[in-house]
Amino acid sequence: MWAIDRKLLEAGAAYGATGLSRFRHVILPGAMPFVFSGLKTATGTAVVVVTAVEFTGATTTGLGYLIWNSWQLFSPEKLYVGLVVIGLIGALVTTILSRSEKLLLPWRRER
């Protein structure tokens with residue numbers, strides 16, 4: 001909330017927005033770009049962390065296990081398939097979030 005442009009808060013106050021109305025029409029829309037930015041960062045980190053956890057042997061399934069096991073058994077074709085699939089998952093999730101941001105935040109489409 002502290003990063004919201006002061007002019008937006010002043011405009012909301014000038015139009016009589018108080019309490020829940022101020023939150024719904026001024027603060028929440030002003031904060032949503034920061035929320036989406038955090039979501040994009042978090043999903044990228046989540047894909048890396050989930051894959052790294054699977055590397056440790058916590059499970060015998062998953063893409064991280066496939067990559068680690070392929071590296072140990074020197075099976076590069078499976079290793080690269082796992083890496084490409086993880087990259088595609090990360091790109092897909094980022095694309096979904098970017099498109100959702102454009103759909104849900106129409107005032108930010110020009111950026």
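These are my notes on serine 70 and on the aromatic pairs of this structure.

**Ground rules.** I am working with a predicted model, where local features need pLDDT of at least 70, side-chain atom pairs count only at pLDDT 80 or more, and totals for chains, interfaces and linings use all residues. Residues are numbered from 1 along each chain as its sequence is written, and side-chain values use heavy atoms, with hydrogens and water left out.

**Serine 70.** I found serine 70 in helix α3, residues 63-72. Helices here are DSSP runs (H or I, at least four residues), numbered from the N terminus. Serine 70 has 5% relative accessibility, so I log it as buried. Buried means under 20% relative accessible area, exposed over 50%, partly exposed in between (1.4 Å probe, protein chains only). I then listed its contacts (heavy atoms within 4.5 Å). Leaving out residues up to four places away in sequence, serine 70 touches Ser75, Lys78 and Leu79.

**Aromatic pairs.** I searched the whole structure and got two aromatic pairs. Rings of Phe, Tyr and Trp (its six-membered ring) pair if their centres lie within 6.5 Å; planes under 30 degrees apart are stacked, over 60 edge-to-face, the rest tilted. Phenylalanine 55 and tryptophan 68 have ring centres 6.0 Å apart and planes at 40°, so I call that pair tilted. Phenylalanine 55 sits in helix α2 (residues 19-55) and tryptophan 68 in helix α3, so the pair ties together parts 13 residues apart in sequence. Phenylalanine 55 is partly exposed at 31%, and tryptophan 68 is partly exposed at 35%.

Tryptophan 68 also pairs with tryptophan 71, tilted, at 5.1 Å centre to centre and 35° between the planes. Both lie in helix α3, three residues apart, about one turn. Tryptophan 71 is exposed at 54%. I note Phe55, Trp68 and Trp71 as one aromatic cluster.

Note on methods. Helices (H or I, at least four residues) and strands (E, at least two) are DSSP runs, numbered from the N terminus.
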